[in-house]
Amino acid sequence: YLMLQSVSELPNAENRLAVCERKFKESYGANLERLQAIKGATGQEGALLMRLHLLQGIVAFHLGREREAQLLLKKTKIEAELLNVNEQLLCQIVELGYTLREARLGLRAARGDMEGAVNFINLRREEKKEIREKEKQERELEKLRDKLGKCEDGSWINAGYYKTLIGMGFTEKASAAALRQGNNSLNLAVQLLQEEPELIDIAV
């Protein structure tokens with residue numbers, strides 16, 4: 001609004017910023033405590049909050065509320081200092097093999113403590129690795145499910161039961177056929193495989 005020289009629209013800008021702040025607090029908590037609990041750090045969102053307070057301070061100043069503007073800009077300065085990272089520590093962490101982005105986020109999360117930053121980075125890497133592994137397992141499970149098909153009652157063959165039967169020494173085809181005929185009843189599938197293998201052979 002200031003760039004467009006639409007000073008008369010500043011109250012509208014103030015309302016928009018107030019909505020942003022309310023949504024921010026609803027999502028992350030008044031002091032980002034909810035975000036801290038979930039992610040273990042507030043670096044990126046802290047930067048957004050700092051910008052929000054900066055804009056609020058500018059709007060308050062141009063609306064003639066100088067005291068409010070002064071407090072908001074002072075708050076912005078403190079938040080900016082907390083987000084600032086030591087360049088020397090940043091370089092040292094990068095030299096350890098971490099990316100610049102990881103180093104910056106780590107230092108912000110650890111409030112400038114190098115050891116804490118490295119621990120934070122490693123923790124985040126492990127979390128991402130676990131997520132990738134879980135997603136990979138889910139994709140493989142979905143492929144296996146499509147391969148096995150459905151039971152006679154229309155339900156998908158249970159991949160876990162299928163792996164259990166294979167672990168018991170039954171063949172892949174026989175295990176799938178037994179579960180298909182037994183409508184995912186593991187006990188019934190085992191019974192069919194042991195007592196009526198000829199029926200399974202026919203189904204295979």
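These are my notebook entries on a predicted model.

**Ground rules.** I number residues from 1 along each chain as its sequence is written. In this predicted model, local features need pLDDT of at least 70 and side-chain atom pairs pLDDT 80 or more, while totals for chains, interfaces and linings use all residues, and side-chain values use heavy atoms without hydrogens or water.

**Thr-76.** I found Thr-76 in helix α4, residues 66-83 (helices are DSSP runs of H or I, at least four residues, numbered from the N terminus). Is Thr-76 buried or exposed? Thr-76 is buried, because its relative accessibility is 8% (buried is under 20%, exposed over 50%, partly exposed in between, with a 1.4 Å probe and protein chains only). Beyond four places in sequence, Thr-76 touches Met-50, His-53 and Leu-54 (contact is heavy atoms within 4.5 Å). A polar side-chain atom of Thr-76 sits 3.3 Å from the backbone nitrogen of Leu-54.

**Leu-55.** Next I looked up Leu-55, which is in helix α3. Leu-55 counts as partly exposed because its relative accessible area is 44%.

**Cores.** I then checked the largest nonpolar core, which has 14 residues (buried Ala, Val, Leu, Ile, Met, Phe, Trp, Tyr and Cys joined through side-chain atoms within 4.5 Å). Leu-148, Tyr-162, Leu-165 and Leu-179 touch the most other members. Helices α7, α8, α9 and α10 each give two or more residues to this core. The most come from α9, with 4 residues.

Notes:
A polar contact is a pair of N or O atoms within 3.5 Å; within protein, one must be able to donate a hydrogen and the other to accept it, and residues adjacent in sequence count only if both atoms are side-chain atoms.
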